[in-house]
Amino acid sequence: MSACHGRDRLQHHLYQINKAGFRHLAGFNCGMVDRIKKVALNPSRHFATSGSTSILNFSSPYVPLCKDFKIEDAPIDTLQEWMTSGELTSQDLVECCLARIEQTNDYLNSISEVNPDALEIAAQLDEERAVRGIRGPMHSIPFLVKDNIYTDNKHNTSEGSLVLLGGRDFSEATFALKIRAVGGVLLGHSTMSEAAYHRATVNYASGYSSRIEQTRNHCNFTQSIAGRSSGSVVAVRSNQVAVDLGTETYGFLVHPSAQLGLCIIKFTLGLMSHHGIVTGSYWHDTPGPLARFMKGVSILLEIIVRTDRYDHLKLEAVGHELEETLRGMKLDLLWNPDWSTGASNPALTAIASPYGAGHPDTIAPEVNHAIAFNTLLAVGYGGWLHNWTFRVDDELYGMSTLAEMTEWNDAHNDTTGSLCNGTWWWDTTSGQSFYDAGITTNGTLGAALWTTFG
């Protein structure tokens, strides 16, 4: 087996954007060798053009001006004002976002793949604006979604993995559809920790995936982003896009957003549909918007909080009005973020749980919340794969269980690292110990579960 086994599978599914000279940067390095490069902004590498004249102004050493507008950290409503005035178009904005991705993604690895139809969609929305007006505040605004949120177009959803790459679901994620329906321009997918941290139980690298490699904190390449939605947070904070849709199971929108100073809302399960999300745990997963300002988050919230016939948890939430749910809510900031797992402050120590974050004192230490959670892993993937299909000529055609996923990863260890291929980014004993233990449970809470995880 060659050291590059699996590369052909990846390259087979990559799409090139030839229009306007753009190419996406879904980088893949044979052998998964870390390729941190010297950071140097070189305007000659940026291909965003309108005719023969660049629409970018590189007078800033950081985020270039877009047709003389400072889009750096610009909120959604400001971008909308510029387009309403006619001084900026959706095509201009999409070109500038793609150019920013071209400028930075070799260093950040925050974008897995861009939508090859983004510019065409932007042009259609510009024309619609001129003829009929706008559909709403997201009209013509580019947005990204995390790589575990399925979108039904020419680019891939893969959960950061090679094993899911090239598969298709029967319908697009409900909340992505809703944003597109009101005029949002899907720019592409942001990267994530492979399998949303659900491959290995220990010694995994936050933000690493077999498909894209290590997502990097743009403020400090050596500093962790602390969460599976790493690409989403870096993409927004580094001005590759204004808004992104991520997902959370237990803290992985909250943690990276806190690291880089972004606004999010952690939703109660059932408030938004999670149809179309690659499932880690059906009873924990929830999508969520992230933006630089709370107004951007609220704009997306208004769009995506709707009923969904594909999601029974969402249907059960019907009748529980958002306004009533939020009435009287208090927001606080704890100065010690580790208060629940080992507080040093005596006042916090008195209320901290000795069993880790989120556990009441009445629960015995041998009963960790991960025990029950991991049982749901095999169930979640089994449900997801029921609707996840590959082409009939694909070697993964017919794959329907987590066990079959792990078998494929094992057979392609050189690129997946599932058997521990001597690299640092996976558990040195097994690169998919989480998967293996989930398979052992067979999706039940019987003796096998407690033997495996106890």
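Predicted model: local features only at pLDDT ≥ 70, side-chain atom pairs only at ≥ 80, totals over all residues.
**Entry 1**

I started with Arg-211 and Asp-147, whose side chains meet in a salt bridge with N and O 3.7 Å apart. Arg-211 sits in the loop between β8 (208–209) and β9 (213–214), while Asp-147 sits in the loop between β6 (142–146) and α5 (174–181), so this pair ties together parts that are 64 residues apart in sequence.

**Entry 1: other salt bridges**

How many salt bridges does the count come to? I noted 13.

Next I looked at Asp-92 and Lys-67, which form a salt bridge at 3.1 Å, N to O. This pair also links distant parts of the chain: Asp-92 belongs to helix α3 (residues 90–108), and Lys-67 to the loop between β4 (65–66) and α2 (76–84), 25 residues apart. Is Asp-92 buried or exposed? With a relative accessible area of 7%, Asp-92 is buried. Lys-67 has 36% relative accessibility and counts as partly exposed.

Then I turned to Arg-237 and Asp-73, where the closest N and O atoms of the salt bridge are 3.6 Å apart.

I went on to the strands. In which order do the 6 strands of the open sheet come? I read β5-β7-β6-β10-β12-β11, with mixed pairing. At the edges are β5 (111–114) and β11 (263–264), each of which pairs on one side only.

Strand β5 is joined by 3 bridges to strand β7 (residues 185–190), and the two run antiparallel. Here Ile-111 stands opposite Ser-190 of β7.

**Entry 2: helices on the sheet**

Which strands does α3 lie across? I found α3 across β5, β6 and β7, running at about 15° to β7. Helix α5 packs on the sheet as well, touching β6, β7, β10 (243–248) and β12 (286–291). The direction of α5 makes about 175° with that of β6.

**Entry 3: two helices that cross**

I followed α5 to another partner, helix α8 (residues 294–304). The axes of α5 and α8 come within 9 Å and cross at roughly 105°. That angle makes α5 roughly perpendicular to α8. Which residues make the contact? From α5 I listed Phe-175, Lys-178 and Ile-179, and from α8 Leu-300, Ile-303 and Ile-304.

**Entry 4: one face of a helix**

I picked out helix α14 (residues 402–411) to see which of its residues are buried. They are Leu-402, Met-405, Thr-406, Trp-408 and Asn-409. Looking down the axis of α14, I see these buried residues fall within an arc of 160°, so they line one face of the helix.

**Entry 5: Ser-193 and its surroundings**

Where is Ser-193? I found Ser-193 in the loop between β7 and β8. Ser-193 counts as buried, at 1% relative accessibility. Leaving aside neighbours within four places in sequence, the residues in contact with Ser-193 are Glu-159, Ser-206, Gly-207, Tyr-208, Gly-227, Arg-228 and Ser-230. I also checked Ser-229: Ser-193 and Ser-229 are 36 residues apart in sequence, with their C-alpha atoms 7.0 Å apart in space.

**Entry 6: positive phi values**

I looked for backbone angles worth a second glance. Most residues other than glycine have a negative phi. Asn-109, however, has a positive phi near 50°. Asn-109 is found in the loop between α3 and β5, and Asn-109 is buried, with a relative accessible area of 1%.

Ala-196 has a positive phi too, near 55°. Ala-196 is in the loop between β7 and β8 and counts as buried at 2% relative accessibility.

**Entry 7: the whole chain**

To finish, I stepped back to the totals. The protein chain has 17 helices and 12 strands. What share of its 454 residues is buried? I noted 55%. For contacts with a separation of 6 or more in the protein chain, 70% are between residues 24 or more positions apart.

Key
Residues numbered from 1 in each chain as written. Heavy atoms only, no water. Salt bridge = Lys/Arg side-chain N within 4 Å of Asp/Glu carboxyl O. Helix = DSSP H or I, 4+ residues; strand = E, 2+ residues; numbered from the N terminus. Buried < 20%, exposed > 50% of the residue type's maximum accessible area, 1.4 Å probe, protein only. Pairing = 2+ DSSP bridges. Contact = heavy atoms within 4.5 Å. Axes fitted to C-alpha atoms, helices over the stretch in contact; angles between N-to-C directions. Arc of directions from axis to C-beta. Parallel < 35°, antiparallel > 145°, perpendicular 65-115°, else oblique.
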